[in-house]
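I wrote each one after looking the feature up in the structure.

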Amino acid sequence: MAFEALSQKLDAIFKKLRGKGKLSESDVKEAMREIRLALLEADVNYKVVKDFISKVTERAIGHEVMESLTPGQQVIKIVYDELTNLMGSKETKLNLKGNPAVIMLVGLQGSGKTTTAGKLGNYLSKMGRRPLLVAADIYRPAAIKQLHVVGDKVKVPVFSMGERKPVEIARASVEHAFRHGNDVIILDTAGRLHIDEELMEELKEIKSAVDPCEILLVVDSMTGQDAVNVAESFHSKLELTGLILTKLDGDTRGGAALSIKAVTGCPIKFVGMGEKLDDLEQFYPDRMASRILGMGDVLSLIEKATQNIDIKKAKELEERIRKEQFDLNDFLDQLKQVRKMGSLDQIFSMIPGFSPQKMQGLDFNEKELVKVEAIINSMTKEERRNPSIINGSRRKRIAMGSGTTVQDVNKLLKQFEQMKKLMKQLSEMEKSHKKGRFRIPFFNF
Ligand SMILES: Nc1nc2c(ncn2[C@@H]2O[C@H](COP(=O)(O)OP(=O)(O)OP(=O)(O)O)[C@@H](O)[C@H]2O)c(=O)[nH]1
């Protein structure tokens, strides 16, 4: 997961602070030194780190903190505020002015532009818009085909004219959209391995021909400070209106996400959280800061849950957990439902107080899920209802029946226990949030 190392380091630093009844100036300075190192190790731009630390220090050695009863908490709050500011403080919405509104996607080769075009098309059509994807990358022969494939998957029409001049394609696409009732155009422009003048000229030409309301740079967050440099270059030539950071689901240290707004002045509008065409999230600086600090991201979790979870089933499940009837059938059902929301890693990172490392054993890929299903299907009704009766000889029989091994069966039973524990903890969280509680189908807070 992105930010994992940074989150762990910050957590250790804050633990020390929280343990102190009173903070001295040297305690704060020591913590700041450690935070500074943690940010540099996360590949955050050094000027950004310097500025950040000086702002946090100034606030942290002020009266409100030093004299407060919970100085450690106050420092964490300040770090949270300043991290949020660093990433842009408020979310920035897409500007969709114009009919059709033209969104131009630019970026280097392999940054994830074509995939992002599809994700954005998908996002906009879910919003009730009628997007049109436009293949303006004529240099990579497979790019046009790739856009058609992506468009088909998300059921968004694709406009292409083969290898004509990109500026002509862009102009013609506006005409086409107008005639076919498409109200947003997403231009997938060409990428190069490096920034070159020819590419910039072509992009500038397209920009002046179709007057886009958004010029969004798609950058790969795994490339760290290079992503920041690329963004600076593109911005100086094209005046970007925003950024889309892709591959934030990978194990990027997070430096690009934390520095790019501060360095370029361009807001991050979306983040790519996976290869699937659903894996695009609007970017909220405060929610991201909250995830980095291990405070969870309940709001995004609610959004994901309401989009993907079957409410009726969730209610039935709630009842079964309460009556302590959660069994292996429910377990399988849950795994399937939760997987629709994304990887379990991602989900756990949104729950306050949950460390994804603790739950690693619960992350299944599709192949493992098939195995789990086979194992559960080889059990008797009674075994599924009451797994505690599954002794050694039953385990052997189940493994044979499902074409797996006894170790696989053992692993599954262990995971079931973990999931049961997780469900119990979640339902306890619900109790403590009874008043004005959030309600999420399946996860209840
Ligand atoms: N994990 C992950 N992979 C992504 C994400 N976005 C894109 N990818 C992957 O990154 C690779 C490159 O994506 P493309 O969309 O082909 O990149 P592109 O920028 O269009 O490439 P060019 O057309 O060559 O310029 C593909 O394998 C995508 O599946 C993301 O948010 N997370």
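I located E239 in the loop between helix 10 (225–238) and strand 6 (242–246). The model I am reading is predicted. I noted that E239 has a positive phi of about 50°, although it is not a glycine. Is E239 buried or exposed? I found 11 other C-beta atoms within 10 Å of E239, so I recorded it as exposed, given that 12 or fewer count as exposed.

I then turned to D43, which sits in the loop between helix 2 (25–41) and helix 3 (46–60). Its phi is near 70°, and I marked this as a positive value in a residue other than glycine.

Next I checked a peptide bond. The bond from N99 to P100 is cis, and I read its omega as near -5°. I placed P100 in the loop between helix 5 and strand 1 (101–106).

Last, I examined how two helices pack. Helix 5 (residues 71–86) and helix 12 (residues 285–292) meet at an angle of about 135°, and their axes are 8 Å apart. I therefore described helix 5 as oblique to helix 12. I recorded the crossing of the two helices as right-handed. Which residues of helix 5 meet helix 12? On the helix 5 side I listed Y80, L83 and T84, and on the helix 12 side P285, D286, A289 and I292.

Terms used
Residues are numbered from 1 along each chain as its sequence is written. This is a predicted model: local features need pLDDT of at least 70, side-chain atom pairs count only at pLDDT 80 or more; totals for chains, interfaces and linings use all residues. Axes are lines fitted to C-alpha atoms, for helices over the stretch in contact, and angles run from 0 to 180 degrees between N-to-C directions. Helices (H or I, at least four residues) and strands (E, at least two) are DSSP runs, numbered from the N terminus. Angles under 35 degrees count as roughly parallel, over 145 as roughly antiparallel, 65 to 115 as roughly perpendicular and the rest as oblique. A crossing is left-handed if the near helix is turned anticlockwise from the far one by less than a right angle, and right-handed if clockwise. Two residues are in contact if their C-beta atoms, placed from the backbone, lie within 7 Å. A residue is buried if 20 or more other C-beta atoms lie within 10 Å of its own, exposed if 12 or fewer, and partly exposed in between; C-beta atoms are placed from the backbone.
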